[in-house]
Amino acid sequence: MNFFSLLACSLPIWIVAVGPLTAEPLEGWGIDIKAAFKQAKKEDKPVLVEFTGSEWCPPCIAMRNNVFSKKEFVEAASKQFVLLELDFGKGHKAPKKNDKFRRKHTVNGYPTIVLFTAEGEEFSRFIASRYPTIDKFLAHLDGELGKMGD
């Protein structure tokens, strides 16, 4: 079997395994920084920001497929947080305000989670893929909420 035949046969398997090459915004997640913090103030909730490279970063793709896109996760996490996804995928240019926000908060790796108060003060950050299941991720978030008052 030549290379191109092998590629043609394996590409559908690869796409199913890691997901589509272009990522749509996740249901239940915001994509606008200003709107997320406005909602957080209105609802008196902290903001969970996921910095991701959803199209090219294998741990980001895994977290998206196994945790962040799941209804169970979105329903549970959104009771305590406003969810904001800032995607820095190869296939599209991130809005300048997203990149400015990323640089301001010194996010250099993906998938990074940064938790903010509704007023925009960071109170926690961690690598999302350290908590690769819904249960582990939600349990970690519960523990991080305790840091908000520190």
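Modeller: Let us begin with Lys 45, which is buried, its relative accessible area being 17%, where buried means under 20% relative accessible area, exposed over 50% and partly exposed in between, with a 1.4 Å probe and protein chains only. Please keep in mind that this is a predicted model, in which local features need pLDDT of at least 70 and side-chain atom pairs count only at pLDDT 80 or more, while totals for chains, interfaces and linings use all residues. Residues are numbered from 1 along each chain as its sequence is written, and side-chain values use heavy atoms, with hydrogens and water left out.

Colleague: Where does Lys 45 lie?
Modeller: Helices (H or I, at least four residues) and strands (E, at least two) are DSSP runs, numbered from the N terminus. Read in those terms, Lys 45 is found in the loop between α2 (33-43) and β1 (47-52).

Colleague: Which residue meets the side chain of Lys 45 in a salt bridge?
Modeller: A salt bridge is a side-chain nitrogen of Lys or Arg within 4 Å of a carboxyl oxygen of Asp or Glu. With 3.1 Å from N to O, the side chain of Lys 45 meets that of Glu 43.

Colleague: Leaving aside its neighbours within four places in sequence, which residues is Lys 45 in contact with?
Modeller: Contact means heavy atoms within 4.5 Å. Once the neighbours within four places are set aside, the residues touching Lys 45 are Ala 40, Ser 78, Lys 79, Gln 80, Phe 81, Val 82 and Ala 118.

Colleague: With which residue does Arg 64 form a salt bridge?
Modeller: The closest N and O atoms of this salt bridge are 2.7 Å apart, and the partner of Arg 64 is Glu 85. The pair links distant parts of the chain, 21 residues apart, with Arg 64 in helix α3 (residues 58-68) and Glu 85 in strand β2 (residues 82-87). Both are buried, Arg 64 and likewise Glu 85.

Colleague: Which residues are linked with Asp 99 in a network of salt bridges?
Modeller: Asp 99 is partly exposed, with a relative accessible area of 23%, and its side chain meets that of Arg 103 at 3.2 Å, N to O. Arg 103 and Asp 99 both belong to helix α5 (residues 96-104), where they are four residues apart, about one turn of the helix. The network links Asp 99 with Arg 102 and Arg 103.

Colleague: How many salt bridges does the structure hold, and how many disulfides does a search of it find?
Modeller: The salt bridges come to eight. A disulfide is a pair of cysteine sulfur atoms within 2.5 Å. Cys 57 counts as buried at 4% relative accessibility, and Cys 60 at 0%. Across the whole structure, the number of disulfides found is zero.

Colleague: How many helices and strands does the protein have?
Modeller: From the N terminus on, the elements run α-α-β-α-α-β-α-β-β-α. The secondary structure comes to six helices and four strands.

Colleague: Over which residues is the pLDDT below 50?
Modeller: pLDDT is the predictor's confidence in each residue, from 0 to 100, and the protein averages 85, with 81% of the residues scoring at least 70. The stretch with pLDDT below 50 has eleven contacts in the model beyond near neighbours in sequence, and it covers residues 3-22.
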